[in-house]
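Visitor: I am new to this structure, and I would like to learn how to read the contacts between its side chains. Could you take me through them step by step?

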Amino acid sequence: MSNRAFYDICLSILKIIVNKLLTTICSSFLLFILLFAKSVLATPTLTIWSSHQNRDFLTTIKKKYIENHDVKLSIVQLDPSEIKAEILLSAKGGGLPDLIVIPSDFLGLHKMMNLSSIPRDWYGAEFNPRVKASVELDGKYWGIPLIQGNFLLLYYNKKYVQQPAKDFINIILDKKQFIDKNIMPMGWNYNDMYYFVPFLSAFNGWPIVDGKIKLNTPAMVEALKYYHSLADQGIVNRDCDYRCSQLDFIKGRSAYSINGDWAYNDLKMMLGDNLGVTVLPKIKGNTMYSMTSTFVLAIPNFLLRSKEKQKLIEHFSKFVQQLSNQQIVYEKTHLLPISTAYYEQLKAQASGDSLVMFNQMVLTKSMPSTMNMAISWQAIAIGFQHYQAGATAAYTAEYMQKMAIKQLKYLDNN
């Protein structure tokens, strides 16, 4: 056999070996891809956006759910100050997740957020009238209640405060002793109007009265002046937002802090025995009423989901309402449950800081889950910016009302 013939035979054999090898590699790779795809497809996924500031709240539910269910829960934590805009923008662009965890006052925007109404038979817990009202609009239900509360409290650092103030006048009178220690008397998210509303309530005002927007009132004028005066007197830093004010309190740079029930666990972990908590102080003897709401599980675009995804959403919605889940969430976070019987049981047994939570809950008013409330928030926030820029309180109150009515008419006509 010639060298050339031998070379040709070897080359042919080599080609056969290479082809078989490539075929084997491709087959193996294809098999791997198919098995991987099958594995991925076998594990259904629920994507949830959450705006609650206590991350343990939803993480606790997630952990318990995936222990007994072959489901992947993807939780995306969004900034509470940004989630409303994020949902509204995503609703226009078609990018909403399977579920969203939001405060119940967002439900007034259910049309703009593409939320689906929820069948009555999905509800397993017995709710009190306040909780039920927070998710019911236009004769339909728009959210699964998860927890109730979402109210403000007065926190204080026991290193600086032995007896907490019962009235703002006490804090004003003690201002010098705090300043002498190079600390601020108080801190809160001054430019967030959720924190302003309790001040409005102390002057016998409220944004919504008998279902109608009521912003141009003497109470609004007086509340704006008083609120502004606290910053002018150096009681609170008007330039400090939520993160700034909470950090100042944790670091011992402020004696008092107005913050929510959602912050209790974090503050307790950071300050330990130095953390004190009490009900909001009065203003000139008048009670401050914080707003309260429920946090709910809402469902965008339910009918556009696959049948399998719809069944999964229904199953998870019923799961989160189970009493055992409410119990573990309360034990982990101290966030108040929505079960009437369990709530009353906890209230009867409460002591210390837990009792303060229930006492403050009594001194709250429900935040309406209506379009009018959503419009009011926007009008109050923009009006307050005008007031900060130098407008009079009377002009600001009038401007707020006009802006709210204008927006209401616009939405009614579109």
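This is a predicted model: local features need pLDDT of at least 70, side-chain atom pairs count only at pLDDT 80 or more; totals for chains, interfaces and linings use all residues.

Visitor: Which parts of the chain does the pair of D98 and K309 link?

Guide: The side chains of D98 and K309 form a salt bridge with a distance of 3.3 Å, N to O, and this pair links distant parts of the chain, since D98 is in the loop between α3 and β3 while K309 is in helix α11, 211 residues apart. D98 has a relative accessible area of 6% and is therefore buried.

Visitor: How many salt bridges does a search of the whole structure find?

Guide: The search finds 9 salt bridges. One of them joins the side chains of D79 and R243 at 2.6 Å, N to O. R243 counts as exposed because its relative accessibility is 59%, where exposed means over 50%.

Visitor: How should I read the aromatic rings, and what is the geometry of the pair formed by W122 and F302?

Guide: For rings, one looks at the distance between centres and at the angle between planes, and an angle over 60 degrees counts as edge-to-face. The search of the whole structure finds 26 aromatic pairs. Among them, W122 and F302 are edge-to-face, with 5.6 Å centre to centre and 80 degrees between the planes. Because W122 lies in the loop between β3 (99–103) and α4 (129–135) and F302 in the loop between β13 (290–298) and α11 (307–319), the pair ties together parts that are 180 residues apart in sequence.

Visitor: Are W122 and F302 buried or exposed?

Guide: Both W122 and F302 are buried. Y123 and F127 form another pair, which is edge-to-face because the ring centres are 6.0 Å apart and the planes are at 90 degrees. Y123 is buried at a relative accessible area of 9%, and F127 also counts as buried, at 17% relative accessibility.

Visitor: Where do charged side chains lie over the face of a ring?

Guide: R120 lies over the face of Y141, 5.4 Å from the ring centre, and K365 lies over the face of W206, 5.0 Å from the ring centre.

Key
Residues are numbered from 1 along each chain as its sequence is written. Side-chain values use heavy atoms; hydrogens and water are left out. Rings of Phe, Tyr and Trp (its six-membered ring) pair if their centres lie within 6.5 Å; planes under 30 degrees apart count as stacked, over 60 as edge-to-face and the rest as tilted. Helices (H or I, at least four residues) and strands (E, at least two) are DSSP runs, numbered from the N terminus. Buried means under 20% relative accessible area, exposed over 50%, partly exposed in between (1.4 Å probe, protein chains only). A charge sits over a ring if NZ of Lys or CZ of Arg is within 6 Å of the ring centre and within 35 degrees of the ring normal. A salt bridge is a side-chain nitrogen of Lys or Arg within 4 Å of a carboxyl oxygen of Asp or Glu.
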